[in-house]
Amino acid sequence: MTTLGIIGAGHIGTALAQAAGDIGYDVVLSNSRGPETLAGLVDALGDRPSRKGTVRAATAAEAGAAGDLVVVTVPLKAVDDVPVEPLAGKVVIDTNNYYPQRDGHIAALDDETTTTAELLQDHLPTSRVVKAFNHILAADITARRTPPGTPNRRALAIAGDDASAKETVASFIDELGFDVVDLGPLAEGWRIQRDTPGYGADLDAGGLTAALAAARRYRDV
């Protein structure tokens, strides 16, 4: 049994808590408002008949410390609030997207000299960040799961600078029910940011690969 720590209990965090629990992961879920505000969600997730793993609420630091694998799924403007020390040495999945109307303008993202995942990696220098789950609707994380080998199986893109961390995340995604397309380093994560051809699209590995290749930077459009 592996523990998944989730920092952020919004739509993506909740969907991953459900999907991971269904395949036997213990889940420690957190948000910015405190564990007591998650009681109803924890009860709902725990009562699902398909659930094989446990689920509990905690603080963000506790979720980070407990997780063998950790998901950071918070608004980008809140990245600096993510605890650093509890995530040291861990593989951290970054699901974040940049929405200036929500996050405020971030100059390095506006001029595309960095990516959202690189910002998180800078904040977590001792963690191994992998970009994933930022281009799929939360509902599809549970609705589009299929076994390996399924024809036209939905694919998800990952990016990361650490090969073993990417292997860990790719294995997790496959367990959840999706194929994986490796984008390469974190710097290539822009290829699956909002408004690119692969963003939100329901594609198999071949289709996603083509969509990633067709992506253009905002500054070049």
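The following legends describe several close-up views of a predicted model.

**Figure 1**
An unreviewed UniProt entry carries the annotation "domain: Pyrroline-5-carboxylate reductase catalytic N-terminal" for residues 4-98.

**Figure 2**
Strands β1 and β2 pair in the parallel sense over 5 bridges. Within this pairing, V27 of β2 is the bridge partner of L4. The chain passes from β1 through α1 to β2, and this β-α-β crossover is right-handed. Strand β4, residues 69-72, also runs parallel to β1 and is joined to it by 4 bridges. Here L4 stands opposite L69 of β4.

**Figure 1. The surroundings of A58.**
Residue A58 is found in the loop between β3 (55-57) and α3 (60-66). Its relative accessible area is 2%, so A58 is buried. Leaving aside residues up to four places away in sequence, A58 touches V28, L29, S30, P35 and A63. Residue N31 is 27 residues from A58 along the chain, and the C-alpha atoms of the two residues are separated by 8.2 Å.

A search of the whole structure finds 2 aromatic pairs. In the pair of Y25 and F172, the ring centres are 5.2 Å apart and the planes stand at 70 degrees, so the arrangement is edge-to-face. This pair links distant parts of the chain, with Y25 in the loop between α1 (11-22) and β2 (26-30) and F172 in helix α8 (residues 163-176), 147 residues apart. Both Y25 and F172 are buried. In the pair of F133 and F172, the ring centres are 6.2 Å apart and the planes stand at 75 degrees, so this pair is edge-to-face as well. It too links distant parts of the chain: F133 lies in the loop between β6 (128-131) and α7, and F172 in helix α8, 39 residues apart. At 1% relative accessibility, F133 counts as buried, and F172 is buried with a relative accessible area of 1%. Together, Y25, F133 and F172 form one aromatic cluster.

**Figure 2. The buried residue R154 and its contacts.**
Residue R154 lies in the loop between α7 (138-143) and β7 (155-160). Its relative accessibility is 0%, so R154 counts as buried. The side chain of R154 makes a polar contact with the side chain of D140 at 3.2 Å. A polar atom of the R154 side chain also lies 3.3 Å from the backbone oxygen of A201. Leaving aside residues up to four places away in sequence, R154 touches H135, I136, D140, R144, F178, D179, G200, A201, D202 and L203.

Most residues other than glycine have a negative phi. Residue E112 is not a glycine, yet its phi is positive, near 60 degrees. E112 lies in the loop between α5 (107-110) and α6 (116-123), and it is buried, with a relative accessible area of 7%. Residue N152, which is likewise not a glycine, has a positive phi of about 55 degrees. N152 is placed in the loop between α7 and β7, the loop that also holds R154. At 59% relative accessibility, N152 counts as exposed, whereas E112 is buried.

Methods. Residues are numbered from 1 along each chain as its sequence is written. This is a predicted model: local features need pLDDT of at least 70, side-chain atom pairs count only at pLDDT 80 or more; totals for chains, interfaces and linings use all residues. Side-chain values use heavy atoms; hydrogens and water are left out. Buried means under 20% relative accessible area, exposed over 50%, partly exposed in between (1.4 Å probe, protein chains only). A polar contact is a pair of N or O atoms within 3.5 Å; within protein, one must be able to donate a hydrogen and the other to accept it, and residues adjacent in sequence count only if both atoms are side-chain atoms. Contact means heavy atoms within 4.5 Å. Rings of Phe, Tyr and Trp (its six-membered ring) pair if their centres lie within 6.5 Å; planes under 30 degrees apart count as stacked, over 60 as edge-to-face and the rest as tilted. UniProt positions are given in the numbering used here, feature names are shortened, and annotations may be inferred rather than shown by experiment. Two strands pair if DSSP finds at least two bridges between them. A crossover is right-handed if, with the strands pointing away from the viewer, the path from the first strand over the helix to the second runs clockwise.
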